[in-house]
Amino acid sequence: MAIAEEPTGHVMGHAMKRKEDPRFITGQGRYLDDIVLPRMLYMAIVHSPYAHARIKSIDASAALQLPGVHLVLTGADLDQMGLGWMPTMAGDREMTLAVGKVLYQYQEVAVVLAESRALAEDAAQLVEVEYEPLPVIVDPFESMKPDAPVLREDREQKDNHVFHWEVGDRTATEQLLRSCDVVVRQKVRFQRIHPAPLEPCGCIADFNKATGRLTLYMTSQAPHAHRTVFSMVTGIPEQNIHIISPDVGGGFGNKVPIYPGYVAAIVASLKLGRPVKWVETRTENLTETAFARDYHMEAELGATKDGVVQALKVKTIADHGAFDAAADPSKFPAGLFSICTGSYDFPNAFAEVDAFYTNKTPGGIAYRCSFRVTEASYLIERTMDVLADELGMDPAELRLKNFVPPEKFPYHSALGWTYDSGRYAETLKKALERFDYTKRRQEQDERRRKGELVGIGLSTFTEVVGAGPSQTFDIMGIKMFDSAEIRVHPTGSAIVRAGTRHQGQGHETTWAQIVGEELGLDPQNILVEEGDTDTAPYGLGTYASRSTPTAGAAIAMAARRIREKAQKIAAYLLEVSEEDLEWRDQKFQVRGVPSKAVTMQEIAFAAYTNLPEGMEPGLEATYYYDPPNLTFPNGAYLCQVSIDKGTGEVKVEKFLAVDDCGNVINPMIVEGQIHGGLTEGFAIAFMQEIVYDEDGNHLATNFSDYLVPTAWEAPDWETDRTVTPSPHHPIGAKGVGESPNVGSPAAFVNAVIDALSPLGIRHIDMPLTREKIWRALREHGIEE
Amino acid sequence: MAVSSTQVSVHVKINGQEITKECEVRTLLAYFLREQLGLTGVHVGCDTTSCGACTVLLDGKTAIKSCTVFAPQVDGHELLTVEGLGEADHLHPIQQAFWDCHALQCGYCTPGMELAVLALLQRNPNPTDEEIRFGLSGNLCRCTGYKNIVKAVHQAAEIMNHPSTSQSVTL
Ligand code: FES
Ligand code: FES
């Protein structure tokens with residue numbers, strides 16, 4: 001077997017091959033559906049064909065007559081147990097199984113438990129549900145009308161308004177806008193999309209009546225938070241819930257919320273005393289689990305006539321579907337949307353969001369996004385281009401003119417953030433140079449003269465990630481710190497456990513690299529374990545690019561705690577005082593006498609065999625890290641496209657992403673994350689939308705309607721970076737997983753609009769499908 | 001193929017081993033492999049033959065989507081799944097290349113992707129970037145953005161065409 005190259009000395013910053021890969025490349029990963037328990041039953045779901053209807057009756061008798069069918073549960077059954085409704089992370093509540101009525105198509109109405117997967121599906125078909133259809137609203141602009149039917153009859157409030165949220169100084173912003181030389185207004189929609197990881201969601205609920213314990217194998221990005229919520233919802237004492245999140249086949253935010261299927265499977269297992277497996281089909285994944293985005297935004301941006309930005313005002317209508325099941329920190333109903341001033345030094349800004357219910361799948365989750373940062377970033381990057389167009393200014397020049405300058409960091413934004421660090425101009429300049437921007441602009445002119453449609457787009461975004469400091473960030477009251485525990489074994493190997501749960505991000509490698517760096521141990525001998533709530537310390541999980549900013553920091557801090565104790569042991573072993581020692585070349589050395597040194601491996605052995613008198617044996621530490629601030633990764637993305645006038649097809653001719661995510665733990669993994677995120681951004685810009693017709697029929701129920709790019713469509717990616725460490729993070733890292741998904745849609749759209757701008761086109765909403773572009777070309781007199 | 005009510009007996013050679021198993025006529029091959037034979041490297045990611053996570057090799061050369069084939073249809077045939085491709089202590093050059101080139105993240109698409117690569121390289125031992133991208137367009141990956149998969153295919157092709165070269169390639 002080929003052994004991964006073992007870096008010696010510093011292990012941070014090395015492209016170490018992934019420790020988790022051998023099991024994945026040989027098919028030995030253990031994903032949820034691979035787990036089979038004795039006497040396990042299968043659960044299938046009965047879905048609503050209607051988007052809005054009263055349930056008149058449910059007849060499960062035919063289903064129950066099939067041999068091997070054990071139980072059918074309906075909303076009424078759950079309601080009797082006090083479980084008809086469950087709290088959402090956004091502080092709303094949602095039906096577990098439909099109680100009295102359905103509010104969106106494919107809503108879970110009943111579940112069937114049977115001996116096999118196929119039998120459960122067969123039986124689900126036999127459950128007869130009688131519905132009385134009700135009027136359907138799929139558009140939030142209809143939903144907000146005073147005479148609109150009230151969808152949520154369970155609420156005291158008798159309209160469809162979910163919340164109003166605002167930030168900034170409205171009056172000052174409006175005043176300033178009135179006095180600006182130039183004001184541009186742009187409506188921008190971020191369409192409804194879905195994270196669609198390749199592995200759908202699922203669980204096995206295994207309640208053991210004898211022990212009173214519920215073991216829940218679950219596709220979970222946040223196992224500890226889920227344990228707490230399940231305990232609160234079901235009343236099972238928390239020590240009796242054991243969640244195991246096995247290998248997870250991608251998450252992207254999809255596996256953060258608690259879905260009705262999980263709760264129904266738990267209830268079924270409680271009732272039957274047998275393990276119950278539920279695994280979604282792809283259709284269920286796309287129709288029932290939470291969507292992302294669906295923001296209708298409108299920006300007003302004011303600037304001086306030479307392009308210095310003055311004020312930004314944003315008004316957003318958010319479509320939350322039938323329940324507010326957004327996965328946002330409690331105090332942030334619109335997530336971190338207030339990052340919408342982006343990388344630019346706005347003296348004043350104001351943003352407001354009004355959310356409405358519609359007869360669509362609930363959600364509003366953070367799909368590869370730190371809570372609505374993608375919407376904000378797309379809006380400001382798109383609007384900056386509109387301003388550039390209005391001023392007749394090069395969009396790169398406009399950005400360079402308005403960046404927050406390096407000397408203003410830590411930078412207090414008009415909407416309340418304290419940006420930690422960034423060298424925006426430097427990052428953009430590096431990108432422009434590598435992209436050969438000036439030359440490409442010249443070529444663009446030449447090609448335009450020949451009648452070609454060629455465009456170049458930029459996006460110079462700033463993200464806000466790593467939620468978060470506990471005074472401000474909590475989910476359902478649970479503070480958003482994260483944790484790590486390190487145990488160093490006598491032979492100098494170690495186990496690291498964290499409250500995060502990777503789904504492909506490579507934690508088994510990067511966490512080992514952090515410990516290797518901090519303790520001078522070989523990362524190949526460091527085992528990383530996540531996803532088991534019985535063994536890992538409490539943490540809030542992996543999403544919103546928070547793992548490295550929170551758990552990554554906790555790991556470094558726990559390692560430093562170990563080093564403090566190790567120094568005492570080293571002093572004892574070398575018979576010097578602690579102060580005479582220094583940590584150098586990943587050993588403790590006597591100052592000025594490099595030959596007198598002990599390695600961490602020697603210290604570890606001594607920690608169990610040869611301790612100073614009175615010292616507690618062992619070498620381990622736990623750390624709960626409460627970040628002092630968020631981190632602000634940023635980047636400059638450049639994209640060149642050409643458009644086929646005959647078909648409307650866009651070709652991405654070149655794409656360069658220059659990211660600044662602070663210090664890099666493993667450049668190979670960072671680059672991989674960027675390739676993946678760019679490809680998802682490409683899909684959003686050009687291919688994907690969850691569409692409903694006016695009757696509330698979901699029109700993107702599978703991968704032939706909801707398109708995922710293949711290797712054939714996906715462009716080639718070029719990447720580069722600048723490194724501006726986060727000043728407050730123990731290893732100066734910022735997090736990167738989402739940057740490419742947050743930053744790239746604007747780069748693609750800006751490039752396409754730049755190509756179309758000679759025709760007088762200033763904006764087209766995503767996804768920029770061939771058909772949409774083709775129509776726009778025809779409307780603007782291009783016939784070819 | 002002996003049919004008894006809805007049960008049939010299926011005889012296949014899987015990863016070099018002859019196997020005879022009873023199953024319901026309607027059993028999809030993907031579930032036959034996963035649930036009856038425990039070959040859980042075969043993954044299921046969709047219900048419309050779109051994702052290729054379930055890809056296996058039929059008769060040593062054709063990549064098929066096992067979610068879209070009934071188990072009885074492969075009666076008398078030969079199959080290769082990722083479990084038969086190579087093991088941790090004896091990796092196939094394709095597996096080695098996926099590891100070396102960071103061509104996987106969550107790993108869910110990986111087994112199917114590797115078998116699609118094998119079929120591709122058997123058809124075309126020296127594919128260009130374009131041919132690789134087209135040849136793998138039946139397999140979705142949500143994580144990698146494909147760039148490193150393309151790189152891995154080139155590495156695997158190189159090693160498979162020159163089997164004497166060491167399997168471990170420093171990049
Ligand atoms: S499971 Fe998706 S193609 Fe077979
Ligand atoms: S590695 Fe996750 S889907 Fe390909």
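1. In chain B, the centres of domain 1 and domain 2, taken over C-alpha atoms, are separated by 21 Å. Domain 1 covers 7–84 and domain 2 covers 93–165, with bounds that come from an automatic or database domain assignment.

2. The model is predicted: local features need pLDDT of at least 70 and side-chain atom pairs count only at pLDDT 80 or more, while totals for chains, interfaces and linings use all residues. Residues are numbered from 1 along each chain as its sequence is written, chains are lettered from A and ligands numbered from 1 in the order in which they are written, and side-chain values use heavy atoms, with hydrogens and water left out.

3. Within chain B, 18 residues of domain 1 are in contact with 14 residues of domain 2 (contact means heavy atoms within 4.5 Å). The two domains bury about 1200 Å² between them, 60% of it on carbon and sulfur atoms; buried area is the accessible area (1.4 Å probe) that two parts lose on being put together, summed over both. On the domain 1 side, H43(B), T55(B) and V82(B) lose the most area to domain 2, together 37% of what that side buries.

4. Between these domains of chain B there are zero salt bridges, a salt bridge being a side-chain nitrogen of Lys or Arg within 4 Å of a carboxyl oxygen of Asp or Glu. The domain 1 side that touches domain 2 in chain B divides into eight nonpolar, eight polar and two charged residues. Here Ala, Val, Leu, Ile, Met, Phe, Trp, Tyr, Cys and Pro count as nonpolar, Asp, Glu, Lys and Arg as charged, and the others, Gly among them, as polar.

5. The contact between the chains takes 59 residues from chain A and 51 residues from chain B. About 4600 Å² is buried between chain B and chain A, and carbon and sulfur atoms give 57% of this area. W99(B), H102(B) and R142(B) supply 21% of the area that chain B buries against chain A, more than any other three residues.

6. How many salt bridges are counted between chain B and chain A? The count is six salt bridges. R34(B) and D33(A) meet through their side chains in a salt bridge, at 3.7 Å from N to O.
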